[in-house]
Amino acid sequence: MLNQEALFPMPQQGNTSDDYWTPKWIFDALGIEFDLDVACPPQGPPHKSARAFYTQETDGLASPWFGNVWMNPPFSKCAPWAWKFMAHRHGISLTAVSNSKWFDELWNNADAVVLLPYNFKFDQGSIFIHTCLSAYGAENVEALHRLKIGRVRS
């Protein structure tokens, strides 16, 4: 387990430019109930994504992760979340495609990766950044195949 200090010094007071929520159709198509959503908006998940969740106030980056996780982290500070996801090795993440060390590691080491369509929209709309889903664990790889939105690299 990584020993990580808190990323945010205070609870989130409202929505920010990092708040782009995963659309419900993604969870429906994946067909998995996750144990933990590690990066929810302050009021909790807008769609039932997991049995338990962390918000900025409960600090999903510094808190222990368990079971099969869902991760749609703040894209402005994706690296520490991605490293923790890769160390946990059980779940699905929605991240930006990035020219970075963490993305190179995720692309090369995840059990499966699928690029989301260029016109993918979050609940709040498009963010003009290419995004992908990455998976660790056989059930999560199968879930990416169920999406039928692109070629799953596994």
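These are my notebook entries on one protein structure.

**Ground rules.** I am working with a predicted model; local features need pLDDT of at least 70, side-chain atom pairs count only at pLDDT 80 or more, and totals for chains, interfaces and linings use all residues. Residues are numbered from 1 along each chain as its sequence is written, and side-chain values use heavy atoms, with hydrogens and water left out.

**Overall layout.** I looked up the secondary structure and found four helices and six strands. Helices (H or I, at least four residues) and strands (E, at least two) are DSSP runs, numbered from the N terminus. From the N terminus on, I read the order as α-β-β-β-α-β-α-β-β-α.

I then looked up burial. The protein has 154 residues, and 47% of them count as buried. Buried means under 20% relative accessible area, exposed over 50%, and partly exposed in between (1.4 Å probe, protein chains only). The exposed surface comes to about 7900 Å², with 53% of it supplied by carbon and sulfur atoms. Accessible areas come from the Shrake-Rupley method with a 1.4 Å probe; for residues, only the protein chains shown count as cover.

Contacts came next. Contact means heavy atoms within 4.5 Å. Of the contacts with a separation of 6 or more, 57% join residues 24 or more positions apart.

**Thr22.** I found Thr22 in the segment before helix H1 (24-30). Is Thr22 buried or exposed? Thr22 is buried, because its relative accessible area is 6%. Its side chain makes a polar contact with the side chain of Asn72, at 2.9 Å. A polar contact is a pair of N or O atoms within 3.5 Å; within protein, one must be able to donate a hydrogen and the other to accept it, and residues adjacent in sequence count only if both atoms are side-chain atoms. Leaving aside neighbours within four places in sequence, I listed the contacts of Thr22, among them His47, Trp70, Leu94 and Phe122.

**Helix H2.** Which residues of helix H2 (residues 78-88) are buried? I noted Cys78, Trp81, Ala82, Lys84, Phe85 and Met86. Their cover includes strand E3 (69-71), strand E4 (91-96), helix H3 (101-109) and strand E6 (131-136). Just after H2, Arg89 takes a positive phi of about 60 degrees.

**Leu115.** I placed Leu115 in strand E5 (residues 112-115). Leu115 counts as partly exposed because its relative accessibility is 36%. Leaving aside neighbours within four places in sequence, Leu115 is in contact with Val97, Trp107, His130, Thr131 and Cys132.
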